[in-house]
Amino acid sequence: MITDARVLQTEFVPKDLVHRDNELTTLSAALKPLTNGEPGETTLLHGPPGVGKTCTTQYILNQLHENVIDLNTQYVNCWKDHTQFQTLYRILEGIDQTLDIHRQSTPTDKLRDRLHNYDGPPYIVVLDEADQLETTDVLYNIYRTPNIEMVLIANQEADLFSRLDTRLKSRLQTITRIHYKPYRSGEIVSILEDRVHWGLEPDTVTRDQLERIAVASKGDSRVAIGVLRRAARLASQDNERAISDEYIDEAVPEAKTEIKQKNVEKLTEDQRILYDILTEEGEISAGRLYESYRDRADEPKTRRMMRYYLKKMQHYNLVVANGENRGRTYNTSS
Ligand SMILES: Nc1ncnc2c1ncn2[C@@H]1O[C@H](COP(=O)(O)OP(=O)(O)OP(=O)(O)O)[C@@H](O)[C@H]1O
């Protein structure tokens, strides 16, 4: 049944991206000046999970690499590399300038100076999950370095902007912003059709069944592809030649749980502490949650940072917030 399992993985970047023409055109136009040796435009892509922000960026970077010989690019996942040192390290790694840098002993200032003195070919730095940066100073460091262009990716523009100091906020006011909306069901169906074509044997799944998957995925292409993959696996484990509706219905909660599990694994140490407290305690007030977190964390962050962490976890459907301001409570999502 499965002819190419790779195509059904979420990491796979397809050759053709459907239903994102406007987003691709805007991003391409923002970065195009770099191909003529001129500065590009800093760009912010924002929208909920699974709407194609990362894959459209990778697609444009691949295109630029095909057309420009002298170009450096680096993709940084700021959820994983969230400290200033880690982010700067990744950026310097993209231009082979980390050989003498030691993770334990080199001061962050040295990395910052090195980045500032960059004078190589145009360099595009993609900061995915930029709202997870421990400090936004690193954005300022990149912004003031000539020849480096930033593509920022975040779930919500406000999550990122509310953390910038006034100096950076005013400078980034005029950047190009691209808002990604959740896919409509028909759009999810065509994304799936492509995967079916390249990854499954013919006549394995009907269009009605792809629509069933699309409705269940609520505009999130990652969920949709996950459901298709699991349903195909379930059917092939039973030596069936086609996917039935029952396999799809079984695959929906399984795929969602798998994605949730992966998101839990992505949590930073501080977020993991918060998630563990919520799992143990159930519904808890913001005040009590912060107290418990402060007791458990080695180096507890501020209450404000805790709110950012929780917000990110809300975007990824791990945490639910109820009520407002002082009466706010948190819970894990079921
Ligand atoms: N327009 C599209 N055409 C084909 N495949 C797509 C399209 N949009 C998204 N996908 C696929 O859906 C999956 C999720 O997309 P992607 O990682 O780009 O989403 P995202 O918006 O960056 O999500 P997150 O915020 O969680 O990182 C990937 O496997 C990607 O290849």
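A residue counts as buried here when its relative accessible area is under 20%. By that rule, buried residues make up 48% of the 334 residues in this protein, which is a predicted model.

**Overall build**

Let's start with the fold as a whole. The protein contains 14 helices and 8 strands. Its C-alpha trace spans about 60 × 55 × 35 Å along the principal axes. The radius of gyration is 22 Å, which agrees with the value near 20 Å that a compact globule of 334 residues would have. Among contacts with a separation of 6 or more, 69% join residues 24 or more positions apart.

**Surface and charge**

The accessible surface comes to about 16800 Å², and carbon and sulfur atoms account for 44% of that area. As for charges, there are 44 positive and 53 negative ones, and their mean positions lie 5 Å apart.

**Aromatic pairs**

How many aromatic pairs does the structure hold? There are 4, and two of them are set out below.

| Pair | Distance between ring centres | Angle between planes | Class |
|---|---|---|---|
| Phenylalanine 85 and tyrosine 89 | 6.2 Å | 20 degrees | stacked |
| Tyrosine 118 and tyrosine 123 | 5.7 Å | 50 degrees | tilted |

Planes under 30 degrees apart count as stacked, so the 20 degrees between the rings of phenylalanine 85 and tyrosine 89 put that pair in the stacked class. Why are phenylalanine 85 and tyrosine 89 separated by about one helical turn? Because they are 4 residues apart in helix H3, which covers residues 84-93. Both phenylalanine 85 and tyrosine 89 are buried. Tyrosine 118 and tyrosine 123 are buried too.

Technical notes. Residues numbered from 1 in each chain as written. Predicted model: local features only at pLDDT ≥ 70, side-chain atom pairs only at ≥ 80, totals over all residues. Heavy atoms only, no water. Helix = DSSP H or I, 4+ residues; strand = E, 2+ residues; numbered from the N terminus. Rg over C-alpha atoms; globule rule 2.2 N^0.38 Å. Buried < 20%, exposed > 50% of the residue type's maximum accessible area, 1.4 Å probe, protein only. Contact = heavy atoms within 4.5 Å. Areas by Shrake-Rupley, 256 points an atom, 1.4 Å probe, with all protein chains shown as cover. Lys, Arg positive; Asp, Glu negative; His and termini not counted. Charge placed at Lys NZ, Arg CZ, Asp CG, Glu CD. Phe/Tyr/Trp six-rings, centres within 6.5 Å; stacked < 30°, edge-to-face > 60°.
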